[in-house]
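Dear colleague,

I am handing over the structure below, and after it you will find my notes on what turned up in it. Please read them alongside the coordinates.

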Amino acid sequence: MARFILSRLFQSLVVLVGIYTLVFVLMKLSPGSPFAGEKAVPAHVLERMRSYYGLDQSLPVQWWRGLSNYLFHLDGGIPLKKDGFTVNEIIAESLPVSALVGGVGLLFALGTGIPLGVFAAARKNRVGDYVASSLALVGICLPTFVIAPLAIAWFALDLGWFAPVGWDDPRADWILPSLVLGLFYMGYIARITRGGMLEALNQDYIRTALSKGLSEGRVLFVHALRHGLLPLVSYLGPATAGILAGSFVVETVFGLPGLGMHTVAAARDRDQPLLTGSIMTYGVLVLFFNFLSDIVQYWMNPRLRGGGLAASL
Amino acid sequence: MDPAPLSPSLPDPGKGLPAEAEIVQGTSLGRDAWLRLRKNRLAIICLWVLVGIVALCLIGALLSKAGILPDANENHLDKKLLPPGSGYLLGSDALGRDLMTRIFFGGLVSFSVGLVATLVSTFIGVAYGAVAGYVGGRVDAVMMRIVDILYAMPFVILVIVLMSFFGSNLILLFLAIGAVEWLTMARIVRGQVLSLKKQEFVEAAVSLGFSHWRIIFRHLVPNTMGPVIVYTTLTVPAVMRLEAVLSFLGMGVQPPDSSWGTLIKEGADRMDISLWLLVFPSAIFAVTLFCLNFLGDGLRDALDPKSSKD
């Protein structure tokens, strides 16, 4: 186990350096300058700005300086476009917003998606399956940016339950965005659960359990669910990272100051330090939750335990 | 003298075969899958609905080009935001353009993004995964770490950076989306190739002295087609969604051209006064994605009989 964790840590480090380098190369290759604006900036001011942000140094030096700041100080530097903040401050401020909305959304998606998927699998190719599967697909087929404005129009403007946009009242402003975000993941979770459960229900041990006279509910939820949820667990690794790091569509429509919004803004503004910081944050989340999902799979699937985790992964 | 049959219950193979072959018609995997798919009524309905939508968009676009339907990009500022029915079957938008023809043209753009980007991603993914799985060892490890790195980047951000790098151009949009969607395909194909390459037919091909490329692309890749087809069908709706999201962010299809994504975005902006601008494009988009997903599920059941047995 310790060997597995260590080798995972080392691999993650390699991946993070790779992500950093990829963003670095892409930003250096892309045309346009972060300081290009409507007003022409005088040459000497531009010179000062470039030297202030360290952009006048050679590319390898810039690459190493940024990387070593991450590796040894966990410091993302100063963004090019947001005066008065550091990258770390922006991430520390916006990640909790995204994580709150995403976390509630994920709980909602799990709470509705798993029962829907189990129900659809139990009623395979019957009316109940079609209804449940169609319901699950609503979240996938209607883009978030359609559902979000409709939800605002209905719940915020017509019914007046919530503020339509913004992040002023932390007690209520997360509800509507969370539900909208969760609806999308609900669809995927239900589909994956249905697929996993169908496979589980095909296994011989299920037939054995049923032939021993156990109730359908017990077989479904005790025997099959554990096997049937395995594909979902491997999906949830990257999905959890994505949902916690923030959906810029939801954050844009609801006007939330989350990480997703900063990421898109940084990509548009060529704000390399901020973009690097937010993508690295996302990368860490992906790696962490992938690791977590591997551990949970190990714990849920006795077959993986036999050969030792490191051997089987 | 003929050797005695091993067991009396087994038919004599030499005598039984020709007669059997005459009675039992051999079916190819593709035909077999099609027969199973045909039994899945929902998938077949979805297939026809999709064919209908594509045909409608094509015919509508042709009629508009021929002058029978209004032009999709021609402004009529005196006929702004007309509700459905009043001269325009589905209403007009903020510049007095006919929503229906815009939906037809937008549909063609959305479908072509979906198909071309999917083909690009399938091509990259299959080639990459097959090579990684076949070569194995260090090369495989490095290639899969690269996939891990790209996996840990937000997809859309990658596309945004690529789009700002290459500029907003429809063909580059195809390539940019295709260039980020191939990762899962590469993993699937690699896994398949890893198990296939240990089988006898590959050994036979090696001993016949075939080149590595020939073995990969003539012997291994054709054997991975089942999962590849299934995942490809499910990539089409994902790509169309991604295009819509990009267009929503103003980074996809540029005005005056439209895709379903840009139409939905325009509709969402004017939802409060003219709901039809949101409802019609969203409805046709949702129906299309719905059918594509159900068709993909049906194909999976058809191509993988193990998962569909009751």
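A residue is called buried here if its relative accessible area is under 20%. Please keep in mind that this is a predicted model.

With that cut-off, R102(B) counts as buried because its relative accessibility is 1%, whereas its salt-bridge partner E266(B), at 27%, counts as partly exposed. The closest N and O atoms of E266(B) and R102(B) are 3.8 Å apart, and the pair links helix α12 of chain B, which holds E266(B), to helix α4 of chain B, which holds R102(B), across 164 residues.

Helix α4 of chain B also packs against helix α7 (residues 170–180) of chain B, at an angle of about 45 degrees and with the axes 8 Å apart, which makes α4(B) oblique to α7(B); the crossing is right-handed.

Seven salt bridges are found over all chains. One of them joins D294(A) and R8(A), with 2.6 Å between the closest N and O atoms; since D294(A) lies in helix α13 and R8(A) in helix α1 of chain A, the pair ties together parts 286 residues apart in sequence, and both residues are buried.

In chain B, D148(B) forms a salt bridge with R187(B), D148(B) being buried at 19% relative accessibility and R187(B) partly exposed at 38%. Shared partners join R145(B), D148(B) and R187(B) into one network.

Finally, chain A has 15 helices and zero strands, and buried residues make up 49% of its 313 residues.

Best regards

Note on methods:
Residues numbered from 1 in each chain as written. Chains lettered and ligands numbered in written order. Predicted model: local features only at pLDDT ≥ 70, side-chain atom pairs only at ≥ 80, totals over all residues. Heavy atoms only, no water. Axes fitted to C-alpha atoms, helices over the stretch in contact; angles between N-to-C directions. Helix = DSSP H or I, 4+ residues; strand = E, 2+ residues; numbered from the N terminus. Parallel < 35°, antiparallel > 145°, perpendicular 65-115°, else oblique. Left-handed = near helix turned anticlockwise from the far one by under 90°. Buried < 20%, exposed > 50% of the residue type's maximum accessible area, 1.4 Å probe, protein only. Salt bridge = Lys/Arg side-chain N within 4 Å of Asp/Glu carboxyl O.
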